[in-house]
Structure formats: structure tokens, C-alpha cells
Amino acid sequence: MGDCADGPYRTPATQLQITDAERAKLKARLQVRKAPEDEKLRRRIVLGCADGQSGTVIARRLDTTIQTVSKWRRRYQAYRLAGLNDAPRASRSRSVGDQQVQQIVDKVRQNTPGNATHWSVRQMSRETGVSPAKVQRIWHAFGLKPHLQETFKLSTDAHFVDKVRDVVGLYLAPPDRALVLCVDEKSQIQALDRTQPGLPLTFGKPATRTHEYKSHGTTSLFAALDVATGKVIGQLKRRHRSAEFLQFLKAINAAVPGQQEIHLIMDNYGTHKTEKVRAWLAAHPRYHVHFTPTSASWLNLVERFFSQLSEKWIKRNIHTSVNELEQSIRQYIDRHNENPKPFVWHTSADTILASVARAAFSINSNYL
């Protein structure tokens, strides 16, 4: 008869006794914005009972039933905070044993089917006698995706560690009052025109284009990305030689105030290291060159800009001449520079080196 929920006989509410620590924990959980609403309801019920409110008042205030209020009061009295959790539900017995699960995991990781390079769900189902749905659930539980394959290439640069620390250091802690520019070339950009017109996007159907195209020539984009602001200095050239790269360096020099120190991050491409380029850099001592490791173009942030240029602008556009293509790229750069956003680098050199070390160890282990 001591329940705080009023029954048909209107028994007086008895205050639920809770400690100050319990009250603090109940209130703290209510402040969690993404906590489930049913969980918050239970805590509000307990707090109401602890304040001496009747079950009728609590049920009306929280828009629930008196039976619900009574249930969670009793659960709290019996089990305290742990009683506010849902009781575990009975589940069906497993139809796939641990041995079968291990067999499916080992087979997809260590073997291939006789008629394919990788397993499919249905092939694995036929091979093991486990339903396709259960095979899929097992693969998902272990994060196995045999239909996917990623590409990689480990750098063989003898100075890989030093170069990674040098470049990443510029990203995470750039020098004061100096300009850090990521420099590279996107060569052989094709001016492509489709042989037939496509269909526009419509309800329930994507836009279409023919797979056949006409090429009207190529151009190369020389670009320097300002790491701090995201602005881009760009020049388009029909040829991709050391002479064109030297012209681009002169364009950078003209665009940047004469006294400011400039740090150039670029790869080991031959046009960056010719005698004329080295002589020009030596005659302009405010330039400091930082080379990325070989086979590590991902370390140069200007590659992110090139990727956006391709995906957002060039890939779906139609260009009937190189002149039209070059004008289009200039237009994209101008619009980009009107509202630039820097690509912010977060990963430390230690994290990168540890990841590369794990990859190299795994590869070497598989070949032993």
C-alpha cells in the first residue's frame, strides 16, 4: 500500500527514498541530449516519486499511465539505478555454431573459389551450407568485404621518414610570416566532347551520357595552393617541360610580395630539378623547397584541389577545343578564389609513419 502510484482507493503517496548521489546521477543522465526518451521518462518518474508526488500527478505530468509509474518505482526500489535498464530478452538459439562461423571467416580470408578471384555471398552459401543472409551477417559482423579492393604503393624513398616529418611539420606548424605553397602539375587534361547528347536528370532517373567521346587535345595545369587560405595560383600550358615550370615559378614570384619567405612543397618530378630551375631558386633565396617522398603524392595538398577540379568541373563538362577547356578551368579557379577554403591537415607524422610501418609489416609477412 506504500506505492506512490494512486490506485482506485487513493492511498497517500509515500516518498521514495534516494541518496544525494543517486539523485545527481539521475539528473546528469537527463542532461544527455541524445539519451533515449524512454530512459529519460523512467528517471523523471523516479525523481517525481523521490519528491513525494503522487502517481496520478506524475502520470499526468509526464503523459504516461499510473501502471508505468508504479512499475518503475518498484524496479528502482528493488534494483536501484540498474533497475531502470531494460531486462534482457529471451532470444532464439543460434542456428550457426562457432565452428561454422570460423569456417566462413577463414575461407573468405584465406582461399578463393575455383571460378572467381573472390567470394560472393551465394558462392559461400553453396560451399558452406549456410543461408546467404547468414553469410552476409557474419561478414558484416567481422568487417569482411571480399568484393572491395583498395590500391596502394609503398614509397621506397631512402629519406621517407625525414621528408614526411618535414612536410607534415609545415602543415601543422607553419613558419611565422611565411607562405607555404603546395605546387604540382595536373598534366594531359583532355578537352572531351561526347559523340551524342545525353538525357537530363529527371524524377526517378539519373542523367545519362554516352560512353563514346571525341578528344580535341590536351592542356596542363600548373597550380600552387596556399595552405593557409586555400587560394590557388594557376597557369595553363600546352606543354609540360622544365621551361614551363620555370615560367610558373616566375608567375608565383610576381604574385607574392617580394620580401615574404616562401616554402614550396612539391614532388620529385624531373622538371622540378633541372639545372635552370635550381639556378633560379638559388638566385631567389627567399624560396625554400621541401620535396615529398617518392610515390607519396597524397602528401601534397594541391592534389585535393586537383581532385575537386576533376570531380566537380571537368568530368561532366563538354569542351570542344583546348581553348574552351582552358577558359573553363580559369573560370573554375577564379570562382574558387572568390571563396576559398583551406584543406586542413590533421594527421601527425608519427601516425602516418606508424600506419606505413604496419602496412609494410603485413605485406612482408604475407610474402614470407
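## The Arg241–Glu244 pair

Arg241 counts as partly exposed at 36% relative accessibility, where buried means under 20% relative accessible area, exposed over 50% and partly exposed in between (1.4 Å probe, protein chains only). Its side chain meets that of Glu244 in a salt bridge, 2.8 Å from N to O; the term stands for a side-chain nitrogen of Lys or Arg within 4 Å of a carboxyl oxygen of Asp or Glu. Glu244 is buried, with a relative accessible area of 7%.

## Model and confidence

This is a predicted model, in which local features need pLDDT of at least 70 and side-chain atom pairs count only at pLDDT 80 or more, while totals for chains, interfaces and linings use all residues. Residues are numbered from 1 along each chain as its sequence is written, and side-chain values use heavy atoms, with hydrogens and water left out.

The average pLDDT of the protein chain is 87, and 93% of the residues score at least 70; pLDDT is the predictor's confidence in each residue, from 0 to 100. Over residues 5-11, pLDDT stays under 50. For this segment the model has 11 contacts beyond four places in sequence, a contact being heavy atoms within 4.5 Å. Where pLDDT is low, the predicted coordinates should not be read in detail.

## Annotated domain

An unreviewed UniProt entry carries the annotation "domain: Tc1-like transposase DDE" for residues 180-325. UniProt positions are given in the numbering used here, with feature names shortened, and annotations may be inferred rather than shown by experiment. In the model, the span 180-325 is 27% helix and 32% strand, and its end C-alpha atoms lie 29 Å apart. Helices (H or I, at least four residues) and strands (E, at least two) are DSSP runs, numbered from the N terminus.

## Helix α9 and its cover

Helix α9 has 14 residues, 242-255. At 1.5 Å a residue the helix should span 20 Å, and its end C-alpha atoms are 20 Å apart, which agrees; the expected span is 1.5 Å times one less than the number of residues. The buried residues of α9 are Ser242, Glu244, Phe245, Leu246, Phe248, Leu249 and Ile252. Their cover includes the strands β1 (178-194), β2 (213-226), β3 (232-237), β4 (261-266) and β5 (287-291), together with helix α10 (275-283).

Leu249 lies in α9 and is buried at 0% relative accessibility. Beyond its neighbours within four places in sequence, Leu249 is in contact with Leu264, Val277, Trp280, Leu281 and Tyr287. The C-alpha atoms of Leu249 and Leu281 are separated by 9.0 Å, although the two residues are 32 apart along the chain.

## Buried polar residues in loops

His272 is in the loop between β4 and α10 and is buried, at 1% relative accessibility. Its side chain makes polar contacts with the side chain of Glu185 at 2.7 Å and with that of Asp267 at 3.1 Å. A polar contact is a pair of N or O atoms within 3.5 Å; within protein, one must be able to donate a hydrogen and the other to accept it, and residues adjacent in sequence count only if both atoms are side-chain atoms. Not counting residues up to four places away in sequence, His272 touches Asp184, Glu185, Phe245, Met266, Asp267, Val277 and Phe291.

Thr210, in the loop between β1 and β2, is buried with a relative accessible area of 14%. A polar atom of the Thr210 side chain lies 3.3 Å from the backbone nitrogen of Glu212. Leaving aside neighbours within four places in sequence, Thr210 is in contact with Arg194, Thr195 and Gln196.

## Other salt bridges

The structure holds 9 salt bridges. Side chains of opposite charge can pair when their charged atoms come close. In one of the bridges, the side chains of Asp51 and Arg23 meet at 3.2 Å, N to O. This pair links distant parts of the chain, 28 residues apart: Asp51 is in the loop between α2 (37-50) and α3 (55-62), and Arg23 is in helix α1 (residues 20-30). Asp51 is partly exposed at 46% relative accessibility, and Arg23 is partly exposed at 22% relative accessible area.

Lys163 forms a salt bridge with Asp157, with the closest N and O atoms 2.8 Å apart. Both Lys163 and Asp157 are buried.

## Positive phi outside glycine

Asp63, in the loop between α3 and α4 (66-79), has a positive phi near 55° and is not a glycine. Its relative accessible area of 71% makes Asp63 exposed. Arg177, also not a glycine, has a positive phi of about 55°. Arg177 lies in the loop between α8 (160-172) and β1 and counts as exposed at 75% relative accessibility.
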